[in-house]
Amino acid sequence: MSLKQISEVKVSGGRLLRVEHWSAVCNGSMTFAIFLPPQAKQVTETKMVPVLYWLSGLTCNDENFSQKAGAFSMATKLGMAIVMPDTSPRDAAIGGEDEAYDLGTGAGFYVNATQAPWSDAYNMYSYVTEELPSIIQTHYAVSDQAAISGHSMGGHGALICALKNPGKYASVSAFAPITSPSQCPWGRKGLTAYLGSDEDTWADWDASHLVQKNHDAGIIPQAILIDQGASDPFYADQLMPELFNATCERLHHPVDYREREGYDHSYYYISSFIDEHLQYHAANLGITA
């Protein structure tokens with residue numbers, strides 16, 4: 001696997017890298033960013049740091065979180081790496097990929113597409129859960145201890161990645177996640193294009209359905225932290241937290257739901273509470289600052 005480093009900048013005592021590479025699962029070039037705290041040594045040494053995977057939302061790329069969240073000072077304090085993948089393939093030569101903000105470029109929805117032409121490249125689930133972690137662990141001083149978080153579409157991604165892989169992540173959290181994509185306009189549009197019109201096939205990519213599926217399979221539930229702004233303009237029509245919360249309550253799936261009065265959907269909101277999430281993940285990763 002050949003990696004091309006695009007840039008490096010020092011921040012909060014650590015290093016923020018942007019890296020381009022060829023992705024087999026996405027059939028094209030992909031870009032990710034990684035923050036390495038000063039505790040991370042060279043990959044040839046024995047010291048490894050745990051990693052948080054951050055999944056961004058619609059229209060975002062690998063730079064939104066790094067430029068707006070203000071997370072790196074706390075990540076340095078905790079000795080935690082943060083990996084920030086792009087939200088979709090880019091320039092995949094798929095007709096219509098750049099026509100709408102909520103489908104195609106910047107809108108991969110963290111699923112594995114089954115419908116042509118999207119299935120040639122839009123396999124973000126396998127990229128995030130398999131290919132990218134393998135690259136990170138091979139090339140950087142990062143351990144196999146991982147947590148996952150995200151925002152909006154990326155919050156949906158974090159939830160489904162954790163729910164579909166019990167035990168893979170030490171912890172999972174989300175800011176304003178799309179919790180029931182099969183019920184909201186953003187989700188229905190994306191799932192129809194990527195997975196087809198048979199709604200039964202959507203269940204494996206919907207957090208509410210996955211909570212039920214895991215419960216029915218007798219899987220011990222993993223606690224979830226969800227942060228939601230009460231003044232989020234997408235609260236009622238797109239995010240629908242009450243549906244997910246009701247499912248979790250009915251099935252006794254533990255959720256720490258924190259609704260923040262007056263906060264919206266923006267990175268002003270994320271930056272206000274990101275330290276709490278990093279500390280939550282650190283506790284589950286066994287980090288003591």
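Is Glu-63 buried, partly exposed or exposed, and what is its relative accessible area? In this predicted model, Glu-63 is partly exposed, its relative accessible area being 25%. The close-up views below take up this residue and other parts of the chain.

**View A. A salt bridge joins Glu-63 to Arg-18.** The two side chains meet with an N to O distance of 3.7 Å. Glu-63 belongs to the loop between β4 (49–55) and α1 (64–68), whereas Arg-18 belongs to strand β2 (residues 14–23). The partners stand 45 residues apart, and the pair thus links distant parts of the chain. By the rule applied here, the count of salt bridges comes to 11.

**View B. Asp-102 and Lys-189 form a salt bridge.** The closest N and O atoms of this pair are 2.8 Å apart. Asp-102 is found in the loop between β5 (81–85) and α3 (124–139), and Lys-189 in helix α5 (residues 185–195). Asp-102 is buried because its relative accessible area is 9%, under the cut-off of 20%. Lys-189, at 35% relative accessibility, counts as partly exposed.

**View C. Glu-199 and Arg-188 meet through their side chains in a salt bridge.** The N to O distance is 2.7 Å.

**View D. Salt bridges with shared partners form one network.** The residues joined in this way are Asp-227, Asp-256, Arg-258, Arg-260 and Glu-276.

**View E. Helix α8 (residues 241–251) has buried residues along one face.** The buried residues are Pro-241, Phe-244, Thr-247, Cys-248 and Leu-251. Viewed down the helix axis, the buried residues of α8 fall within an arc of 135°, and therefore they line one face. An α-helix has 3.6 residues a turn, so residues three or four places apart point the same way. Glu-249 and Arg-250, on the other side of α8, are exposed. The elements that cover the buried residues of α8 include α6, β8 (224–229), α7 (235–239) and β9 (255–260). Just after the helix, His-252 takes a positive phi of about 60°.

**View F. Strand β2 pairs with β1 and with β3.** Of the 10 residues of β2, 7 are buried, so the strand is largely enclosed by the rest of the structure. Strand β1 (residues 3–11) runs antiparallel to β2 and is joined to it by 8 bridges. Within this pairing, Lys-4 stands opposite Glu-20 in β2. The hairpin of β1 and β2 has 2 residues between the strands, and Ser-12 there takes a positive phi near 50°. The pairing of β2 with strand β3 (residues 28–36) is also antiparallel and extends over 9 bridges. Here Val-19 stands opposite Phe-32 in β3. In the hairpin of β2 and β3, 4 residues lie between the strands, and Asn-27 takes a positive phi near 55°.

Key
Residues are numbered from 1 along each chain as its sequence is written. This is a predicted model: local features need pLDDT of at least 70, side-chain atom pairs count only at pLDDT 80 or more; totals for chains, interfaces and linings use all residues. Side-chain values use heavy atoms; hydrogens and water are left out. A salt bridge is a side-chain nitrogen of Lys or Arg within 4 Å of a carboxyl oxygen of Asp or Glu. Buried means under 20% relative accessible area, exposed over 50%, partly exposed in between (1.4 Å probe, protein chains only). The arc is that of the directions from the helix axis to the C-beta atoms. Contact means heavy atoms within 4.5 Å. Two strands pair if DSSP finds at least two bridges between them.
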